[in-house]
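Here's a quick tour of the model for someone who likes to see the cut-offs. Have a look at it first, then read on.

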Amino acid sequence: MQSTNSQSYKSAFFISLIYFILGVLWIILSDYTVALISSDESKITLLQLYKGWFFIFVTTVILFFLINRYFHSMQLQYNKNLEQIQKYQLSKENLKISQSELSKYEKLLTTIINSSPDAIFAKDLDGKYILFNDTALKMANMASDEVLGKSDKMIFTPEDRLKLKEDDKAVIDSGQTITREEDILTNEGAKKTFLITKGVLLDRTDTIFGLFGIARDITEQKEHERFLLESKDKFYNLSHLDTVTNLPNRLHISEVLVEKCSQKVPFSLIILDLDEFKIVNDSYGHRFGDKLLCEVSKVLVEVFDATAFLARMGGDEFGIIVNLSDKKEIDALMQKLHSKFTSPFKIEMVDVYITASSGICIYPDDARSMEEMYQAADTAMNNAKKLGKNSFSFYNAELKKEAVVYTQMVTNLKQAIQKSELELYFQPQNDVKTGKIVGVEALLRWKSEGKMIPPDVFIPLAEKSALIVEIGDFVLKSGFETAKRWHELGVLKGRIAINVSARQLIHLDFIKTLKAMLKESGCEASWIELEITESSVLENPQLVINLLEQLRALGFYISMDDFGTGYSSLSYLKNLPIDKLKIDRSFIMNIREQPKNQTIVKTIIFLAKELGIHILAEGVETEEEHSFLLENKIDSIQGYYYAKPMPLYDIERLLQA
Ligand code: C2E
Ligand code: CA
Ligand code: CA
């Protein structure tokens with residue numbers, strides 16, 4: 001203001017000085033000029049009057065312009081000032097408003113930050129806290145003055161600090177917002193899981209001055225997730241795991257097979273089936289059997305490496321998927337596997353000798369889908385069973401043909417009865433001392449399209465396909481009718497022995513059917529001998545013993561066929577309601593050269609005599625065999641030594657002779 005004053009003094013003084021100089025110059029020069037123009041007194045007075053007026057006029061004009069300029073500039077300055085004043089007043093007003101707004105927003109923000117269920121915090125670049133919301137304080141169990149301005153050291157364990165520091169560094173180095181899950185140990189010593197989001201804080205020049213963080217306690221959620229996952233796992237395990245061996249089950253291996261087939265990479269499926277496992281199960285009980293299955297699963301784990309997929313398919317069947325397709329390599333592996341079955345498994349101090357049969361099918365050469373793979377491996381496994389115990393077999397086109405032939409044969413067999421292709425042959429059973437016929441065994445024959453199909457082939461087929469019940473009924477019916485006829489003719493003193501397979505025997509209607517057939521044919525039960533195999537008793541001892549008792553009560557004579565092949569102990573015999581034992585042909589063959597078989601046969605004969613059971617030897621062909629049996633006091637003999645099975649007409653002639 002002072003400088004403005006002195007400036008205006010200077011300007012006023014300068015203008016006045018010029019005016020003064022001009023005025024003085026004007027007076028001097030104009031008077032001089034007037035004196036030059038005229039010397040006439042009256043003229044000079046007049047000129048001086050004009051000069052005076054001219055001076056007034058000129059100074060008036062100058063004064064006008066000067067005053068006008070001055071006022072104009074004054075006005076401009078005034079306007080400018082006014083504008084500034086207005087602006088100033090406006091900004092003052094604005095400032096007032098924004099300050100109140102600011103405190104309003106600050107309050108709002110603080111409220112929001114503090115009422116968040118998440119911990120919210122901010123740190124400066126030195127790692128000192130500049131913000132720590134109520135939730136964070138509650139979580140840390142601290143007061144705000146204990147935290148603000150302090151570092152992590154006050155709150156976290158050294159290990160947690162290290163993790164958090166790394167996170168902070170990553171955020172500041174990258175300038176990015178980062179979200180991570182961290183397990184943090186709380187002050188109370190509980191481990192909690194937090195989902196932590198961190199990002200940088202920027203000032204007006206976009207320079208990082210710190211970082212902020214939002215931490216959510218997700219411990220419960222995590223636990224819930226874990227629980228769900230575990231439950232899912234448990235459920236998956238329950239439905240995909242075999243509880244006996246802890247190996248994956250059939251469902252699981254099927255899923256793997258489907259996937260494998262879709263990948264189009266060669267691999268192999270092996271199906272391993274234990275031989276005669278049922279006998280172990282029935283003799284020692286299910287718990288024992290389960291233990292054996294576990295031991296077998298251990299062998300599989302031992303033989304196959306971790307890339308193989310092992311499963312228990314159910315029962316005594318295991319499935320193995322191996323990433324091999326080279327037959328030589330698989331062969332070597334199978335040799336190793338089957339060698340494990342040559343020594344016994346030790347279970348509950350008992351040495352159990354069990355063997356297995358395996359079938360191998362290679363993708364994609366043998367089969368291309370899960371179903372085909374199963375079928376092919378199964379066919380190969382069945383072939384291995386045929387090859388003998390403890391063998392393995394690869395699937396091949398020949399087996400496929402056999403399978404087709406098998407299906408065809410089942411179809412043909414179904415029609416065999418209607419087409420009258422089935423016929424009974426009869427083989428005599430002779431008294432060993434007198435040689436007289438004391439009974440006959442009825443043996444079934446099938447003439448299919450002019451070819452004779454042996455019962456060893458079609459009976460197992462019929463047993464598998466359940467046709468055996470229908471076929472068995474045919475045999476019983478024909479046998480009963482023949483017995484009735486021979487009784488009327490008076491040709492047979494003894495009985496007709498009829499083979500009854502296990503499946504037929506345990507059929508619910510068996511006894512009812514027998515009764516009905518007896519009634520219909522007029523045959524008496526006492527004319528008939530029912531042959532039951534040792535293995536069918538072993539398959540279901542309690543049920544079979546019960547059935548045999550009922551049959552005996554009806555008047556039937558019961559004999560046990562193929563005795564010695566079913567691994568039953570001799571002491572077992574006394575519990576069986578049987579009248580006759582048939583020693584299997586395998587013990588009789590070349591008996592003179594088989595000291596072991598001689599001992600077995602002698603023991604069986606001795607025991608049967610002790611128990612009052614009739615004893616017959618099957619498959620006697622030679623004089624040596626016959627004489628041995630005679631020496632050892634066998635009761636009767638059935639074999640080619642006397643006669644082969646023959647048609648009805650022939651046997652009737654033989655009987656009448
Ligand atoms: P299986 O019941 O053990 O019958 C004895 C078998 O031995 C008969 O064979 C008979 O011909 C044969 N055989 C008898 N003596 C000798 C001999 O001295 N040497 C030799 N090498 N063999 C002899 P087949 O008739 O071929 O019957 C085989 C099997 O088929 C029978 O064995 C039996 O298990 C079954 N089978 C036959 N007919 C029937 C039937 O009607 N029902 C059932 N369920 N099975 C039957
Ligand atoms: Ca028989
Ligand atoms: Ca037999």
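## Around the calcium ions

N499 comes out partly exposed, with a relative accessibility of 28% (buried is under 20% relative accessible area, exposed over 50%, partly exposed in between, with a 1.4 Å probe and protein chains only). D561, at 5%, is buried. N499 sits in strand 16 and D561 in strand 18, so the pair ties together parts 62 residues apart in sequence. D561 also bridges to the calcium ion (ligand 3), 4.0 Å from ligand 2.

## An open sheet

Five strands make an open antiparallel sheet, ordered 2-1-5-4-3. Strands here are DSSP E runs of at least two residues, helices H or I runs of at least four, numbered from the N terminus; two strands pair if DSSP finds at least two bridges between them. Strands 4 and 5 pair over nine bridges, and L195 stands opposite R216 in strand 5.

## Where the numbers come from

This is a predicted model: local features need pLDDT of at least 70, side-chain atom pairs count only at pLDDT 80 or more, and totals for chains, interfaces and linings use all residues. Residues are numbered from 1 along each chain as its sequence is written, chains are lettered from A and ligands numbered from 1 in the order written, and side-chain values use heavy atoms, leaving out hydrogens and water.

Note on methods. Donors are N, O and S atoms within 2.8 Å of the metal (3.2 Å for Na, K and Ca); water is not among the atoms, so sites may look incomplete.
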